[in-house]
Amino acid sequence: MKTKEKYLTLFLSTLQLSACTFGGGYVIVPLMRRKFEEDLKWISEEEMMDLVAIAQSSPGAIAVNASILIGYRVAGIPGALVTVLGTVLPPLVIISVISLFYQAFRDNQVVSMVMKGMQAGVAAVICDVVLSMGHGVVKGRQLLPCLVMAGAFAAAFFFDVSVVLIILVCGAIGAVQAILAQRAGKGEA
């Protein structure tokens, strides 16, 4: 694929996903996975899981972070710039228009009902993300990632532990695992 075509595909893909997705970054992630992993086959399932983990642990909106990482992975810095533009442009335009008519939108019964209905769709998409990414972790048949996933869920759901703390602990576990794997690799060489 030519470079210009790749940039255009990156831009139009993220523009479409961002323009047609309501509910935040966790809703756009499975759609990005489907587009870039399954449809375009530009990244693998493992890479997508890694990119989402990095995007989630970075400051800022997960949709923007994920698009930057995917764009960079596919086409370097220009790809990251193109995907971030495609991701932020639709919300920027939509919020600008809504801000002009805020009073009318806020008091409109139909708009309120549509937003309530969208919550059910958002919940379904988030469940899809959890199940598909969780399936990927379980499918790997490695004990540590399965224990970390179950522990993170238990900490958040049953003990109301801060998500920030969970992310930091998971990052520390991943760093220790990477260091141990690197040392084991050097020992074999």
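Trainee: How many helices and how many strands are in the protein chain?
Mentor: This is a predicted model. From the N terminus on, the elements run α-α-α-α-α-α-α-α. The count of the protein chain is eight helices and zero strands.

Trainee: What box do the C-alpha atoms of the protein chain fill?
Mentor: The box is taken along the principal axes. Its sides are roughly 65 × 50 × 25 Å.

Trainee: What share of the residues in the protein chain is buried?
Mentor: Buried means under 20% relative accessible area. The protein chain has 189 residues. The buried share of them is 24%.

Trainee: What share of the contacts comes from residues 24 or more positions apart?
Mentor: The contacts counted here have a separation of 6 or more. Among these, the share from residues 24 or more positions apart is 55%.

Trainee: Which element gives the largest share of the nonpolar patch?
Mentor: The patch lies on the surface and includes Leu85, Val93, Ile98, Tyr102 and Phe105, with about 1000 Å² of accessible area for the whole patch. Two elements give two or more residues to it: helix H4 (62–100) and helix H5 (102–107). The largest share is eight residues, and it comes from H4.

Trainee: Is Phe105 buried, partly exposed or exposed?
Mentor: Phe105 sits in helix H5. Its relative accessible area is 34%.

Trainee: Is Thr21 buried or exposed?
Mentor: Thr21 is in the loop between helix H1 (3–19) and helix H2 (25–39). Its relative accessible area is 15%. The limit for buried is under 20%, so Thr21 is buried.

Trainee: Which residue has its backbone oxygen 2.3 Å from a polar side-chain atom of Thr21?
Mentor: Set aside the residues up to four places away in sequence, and Thr21 touches Val27, Ile28 and Leu31. The backbone oxygen belongs to another residue, and the polar atom is in the side chain of Thr21. The residue is Leu17.

Trainee: Which residues does Ala155 touch, not counting those up to four places away in sequence?
Mentor: Ala155 is in helix H7 (residues 143–157). It counts as buried, because its relative accessibility is 16% and the limit is under 20%. The residues it touches are Asp160, Val161 and Ile166.

Trainee: What separates the C-alpha atoms of Ala155 and Tyr72?
Mentor: Ala155 and Tyr72 are 83 residues apart along the chain.

Trainee: Which cysteine has the sulfur nearest to that of Cys146?
Mentor: Cys146 is in no disulfide. The nearest cysteine sulfur is 13 Å away. It belongs to Cys170.

Trainee: What are the relative accessible areas of Cys127 and Cys146?
Mentor: Cys127 is partly exposed. Cys146 counts as partly exposed too. The values are 47% for Cys127 and 21% for Cys146.

How values were computed
Residues numbered from 1 in each chain as written. Predicted model: local features only at pLDDT ≥ 70, side-chain atom pairs only at ≥ 80, totals over all residues. Heavy atoms only, no water. Patch = residues over 30% accessible without salt bridge, like charges linked within 9 Å, V, L, I, M, F, W, Y side chains within 5 Å. Areas by Shrake-Rupley, 256 points an atom, 1.4 Å probe, with all protein chains shown as cover. Salt bridge = Lys/Arg side-chain N within 4 Å of Asp/Glu carboxyl O. Helix = DSSP H or I, 4+ residues; strand = E, 2+ residues; numbered from the N terminus. Buried < 20%, exposed > 50% of the residue type's maximum accessible area, 1.4 Å probe, protein only. Contact = heavy atoms within 4.5 Å. Polar contact = N/O pair within 3.5 Å; in protein donor to acceptor, adjacent residues only side chain to side chain. Disulfide = S-S within 2.5 Å.
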